[in-house]
Amino acid sequence: MTLLLFVAGLVSLVAGAELLVRGASKLALSFGISPLVVGLTIVAFGTSAPEVAVSVGAALNGKTDIAIGNVVGSNIFNVLFILGASALITPLVVNIQLIRQEVPIMVGASLLLLALSLDGTLGWFDSALLFGLLLAYTVFLVRQSRAETQAARDEFAAEARPAAPGAWDSRLPVQVALIVVGLGLLVLGSDWLVSAAIVFAKALGVIGLTIVAAGTSMPEVATSITAAIKGERDIAVGNVVGSNTFNILGCLGLSGLVAGPTGLAMAPALLNFDIWVMIAVALACLPVFLTGREIARWEGGVFLLYYATYVTYLILAAQQHDALGRFSGVMLSFVIPITLVTLVVMTLRPGKGGSSPS
């Protein structure tokens, strides 16, 4: 029953996000808002709707560890698994704006979350600060979009197109209905998924939260892998980076606000390990993205290998397995130092050559 509840909740979340994005996008475009602005806000944030629904639902139910664990786990999954799998399909082009602006913002949001959580709690004021930064970031993106090139506008127009005259979703009542139904499915799906997550967490420890985090990232999986297959490789990368920033500022900001004065309690395991992994993964994006401004297939393979390593560690830790000490020793003595040296060398060496994407 728990597994059925989890699957039903996941299906409801994905379907709700799809309906919400379709209805909100068509409605905004009907009122003359540009496709670029819609793509930067509604479409980008819509893929994070399941994370918002689950984290807010968990906060309302007093399960604050699930609210934070879902976001941290999703951000790790987004970079290591989604970008890794997408890069294996085709080397991913990295837009220069991502390197100069979006990735540093993602890293900054991750570090800010750590600083605000060092006392073990993400308080109401901390959450208000995160949510306020999201609003400021959104306004900044909208203003910045006015200076974008026609090529950028055309790119987002392919993702967010106005409803064709006479189409079933061209009428205002239908668009509003899509939004209402989408929100309803998100609320229902989050309730089911949180209920299943509580059972998973009790039975499997942190692995349960990892399963939930991967589940709520399914819209990002679908968006990025589909974009990679279609050759829209910068969208595949931008979707992940934008979602990670929104997860921290939007999901946790809103979850902390609805949790009330007590805020969100940060579990010791998250503070001592997982949040540091999230920051390390965000920082690793910079040298990887800078080397020729693409994610090569071998780099995607390394990302997937690291995600498998991360999940293996969680499994061993949850079971207090005898191999945990040896596994941790190998990671600390060999794998992590080799990775750091490789990232430094990649950063300092000349680019891979070839034409630079704009």
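Analyst: The following account concerns helix H13 and its partner H12.

This is a predicted model, in which local features need pLDDT of at least 70, side-chain atom pairs count only at pLDDT 80 or more, and totals for chains, interfaces and linings use all residues. Residues are numbered from 1 along each chain as its sequence is written, and side-chain values use heavy atoms, with hydrogens and water left out.

Helix H13 covers residues 297-319; helices here are DSSP runs (H or I, at least four residues), numbered from the N terminus. The end C-alpha atoms of H13 are 33 Å apart, which agrees with the 33 Å that its 23 residues should span at 1.5 Å a residue; the expected span is 1.5 Å times one less than the number of residues. After H13 comes Gln320, with a positive phi near 50°.

Helix H12 (residues 268-290) packs against H13 at an angle of about 175°, and their axes are 13 Å apart. Axes are lines fitted to C-alpha atoms over the stretch in contact, and angles run from 0 to 180 degrees between N-to-C directions. The angle therefore makes H12 roughly antiparallel to H13, a term for angles over 145 degrees.

Phe273, Asp274, Val277 and Val288 of H12 make the contact (heavy atoms within 4.5 Å) with Glu299, Phe303, Tyr310, Tyr313 and Leu314 of H13. Seven of these residues are nonpolar, none is polar and two are charged; Phe, Val, Tyr and Leu are among the nonpolar types, while Asp and Glu are among the charged ones.

Methods. Helix = DSSP H or I, 4+ residues; strand = E, 2+ residues; numbered from the N terminus. Parallel < 35°, antiparallel > 145°, perpendicular 65-115°, else oblique.
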